Amino acid sequence: MPHKNKMHFEISERKIFLRTFDILWVLLALYVVGILFRVEYFNIELGSWHWAIVLAIYLNLFCGIFELYDLQKASSYYRVLKNVVLATWAVVLLYLMTPVFTPVLPDNRLQILYFFLTICFTLLLWRFSYIALISTPRFYRRVLIIGEPLEVELVALHLQRSDPNYNIVGLVNPGGGDVINSEKLGLEDFSGTNLSEIVREQNIDEILISDVSSTAEGFYSQVLILLKNGFPVKDFNEVYEDKTHRIPVQHIERNFYQFFPLSRSNDNKFYLFFHRLFDILVSIIGIIIGALLLPFIYFGNMIANKGSLFYQQERIGRSGETFKILKFRTMRYNAEPDGAVWATKNDVRITRFGKFLRRSRLDEFPQFYNILKGEMSLIGPRPERPVFVKELSELIPFYDTRHFIKPGLTGWAQVMTDYADSHADSLEKLQYDLYYIKHRNIFLDITILTKTLSTVIFFRGQ
């Protein structure tokens, strides 16, 4: 019997859906309010159509910066409330400050309040409706995984964290035997049961196949029957990469170079030229801003972080070459008397003023000099110390692959994960770094810069 697909929105579809209706509902609400209450500040007419385009651009920009397109956060009433108010405030403020592209400020300043409240309440009403009607179990995709238990444990955790609507309900162990911690994971063990029966009885919408062992020959005929009936059966590695935006290095060791073709942008001279030009322009601006902030940082350092202002440290750059990274010092003097050690979250060696510099990311400003010299880029994997690179290269497969491109001031791993203070954290960061190297393009770069602004605004620097 042919399989009937249940409606399910993929991550990219939901993000496009949110972006599109954010704009449509806000513009419609402003149009209606303008007619009903005679608000003349913002009109959608043939002669002022560009006002709506500018507002749509600002709306998408700040909703992204304030994480309204992060699907995990977009499913929380509290976070939506907080982020919508912040995003609306930023949108309206910038809109008022750019009268060249937007309407001239009205004589009746009360109209600005109407403008703000209309955008804010429209977004809140729409986003709360999205949570209540769309981000609900009726649109969840029920998934069954065929694979080894340890792999499934990792897969289930990461996939459901990345996509709240991707509900992994159970697993089939092709090697047989009981599945350790299946109940703890909230997964049901269907090993030994016919796949067609599982799909029918459990209302499964999709099957993921991991590394099926040679003892599982009987599964191939069962999977083939499902495929003939139009049932979606997908490779775990592809789904994992698509939903989590990271490369599952630990599962593809033997096929790594086949699975990991470098991004075409790494050989695209047009992309590389403008990437470097952007690095130079931003680094010059960053150095100027850093120079303006320098007296305040120097004064704070003199009071609460006594010692030298700048700090140099050897790091590994592109092709394994070493360079001296420049930072504002955030740790106490002689913080490593016994040699290099991992920095940790809430590290006691970090001074009070140093903690402020790190959380605000102000300690990174001197690295614009490294970017201007060409030792670093604005976006790329964060450079590590030689001693840690040697240690991690021996423990983590393909760790040196992250040195294919220049290290960055910010990067995909930095905006997607917390501070790495262990080998496991470094493996997770490597997965994100490799995803960036494989897929790097201008749109991914813009996404990273947007998420970096969110990190700075919400004071999440480590």
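Which residue in S4 is the bridge partner of Ile 145? Keep that in mind while the whole chain is on screen.

**Stop 1: the whole model**

This is a predicted model. Show everything as a cartoon. The secondary structure comes to 16 helices and nine strands. Colour by accessibility next. Of the 462 residues, 49% count as buried. Among contacts with a separation of 6 or more, 74% join residues 24 or more positions apart.

**Stop 2: the five-stranded sheet**

Select strands S1 to S5. They form an open sheet in the order S3-S2-S1-S4-S5, with parallel pairing. Strand S3 (188-189) and strand S5 (233-235) stand at the edges. Each has a single partner strand, so one side of each is left without a neighbour in the sheet.

Now zoom in on strand S1 (residues 141-146) and strand S4 (residues 206-209). The two run parallel and are joined by four bridges. Here is the reply to the opening question: the bridge partner of Ile 145 is Leu 208 in S4. Opposite Leu 144 stands Ile 207 in S4.

Stay on Ile 207 and look towards S5. S4 and S5 also run parallel, with three bridges between them. On this side, Ile 207 stands opposite Val 233 in S5.

**Stop 3: the two faces of S4**

Show side chains for S4. In a regular strand, side chains alternate between the two faces of the sheet. Are the faces of S4 covered or uncovered? Both are covered. Glu 206 and Leu 208 are buried on one side. Ile 207 and Ile 209 are buried on the other.

H8 lies across strand S2 (166-172), S4 and S5. Its direction makes an angle of about 75° to S5.

**Stop 4: two positive phi angles**

Go to Asn 203, in the loop between helix H6 (195-201) and S4. Its phi is positive, about 55°, although Asn 203 is not a glycine. The residue is exposed, with a relative accessible area of 52%.

Jump to Arg 361. This one sits in the loop between helix H11 (352-359) and helix H12 (367-373). Phi is again positive in a residue other than glycine, near 65° for Arg 361. Is Arg 361 buried or exposed? Its relative accessible area is 17%, so Arg 361 is buried; the cut-off for buried is under 20%.

**Stop 5: the cavity**

Rolling a probe the size of a water molecule over the atoms shows where empty space is left. How many cavities of 30 Å³ or more does the structure hold? There is one. The largest cavity has a volume of about 50 Å³.

Select its lining: Leu 30, Val 33, Gly 34, Val 39, Phe 42, Tyr 114, Phe 115 and Thr 118. Helix H1 (11-36) and helix H4 (110-133) are the elements that give two or more residues to this lining. Colour the lining residues by class. Six are nonpolar, two are polar and none is charged.

**Stop 6: the second largest pocket**

Move on to the second largest pocket, with a volume of about 560 Å³. How many residues line this pocket? The lining has 18 residues. Start with those that lie nearest the centre: Phe 368, Leu 378, Leu 409, Thr 452 and Leu 453.

Then bring in the elements around them. Helix H10 (269-304), strand S9 (408-410) and helix H16 (442-457) each supply at least two lining residues. By class, the lining divides into twelve nonpolar, four polar and two charged residues.

**Stop 7: Thr 450 in H16**

With H16 still shown, select Thr 450, which has its place in that helix. Thr 450 counts as buried, at 17% relative accessibility. What does Thr 450 touch, not counting residues up to four places away in sequence? The list is Leu 61, Gly 64 and Ile 65.

**Stop 8: Ser 422**

Finish at Ser 422, in the loop between helix H14 (412-416) and helix H15 (423-439). Ser 422 is partly exposed, with a relative accessible area of 27%. Draw a distance from its C-alpha atom to that of Leu 392. The separation is 9.9 Å, for residues 30 apart along the chain.

Conventions: Residues numbered from 1 in each chain as written. Predicted model: local features only at pLDDT ≥ 70, side-chain atom pairs only at ≥ 80, totals over all residues. Heavy atoms only, no water. Pairing = 2+ DSSP bridges. Contact = heavy atoms within 4.5 Å. Axes fitted to C-alpha atoms, helices over the stretch in contact; angles between N-to-C directions. 1 Å grid on protein atoms, 1.4 Å probe; cavity = no way out; pocket = protein on both sides within 12 Å on 5 of 7 lines; lining within 4 Å. Points joined across faces, edges and corners; volume = space filled by probe spheres on them. Nonpolar A, V, L, I, M, F, W, Y, C, P; charged D, E, K, R; others polar. Buried < 20%, exposed > 50% of the residue type's maximum accessible area, 1.4 Å probe, protein only.
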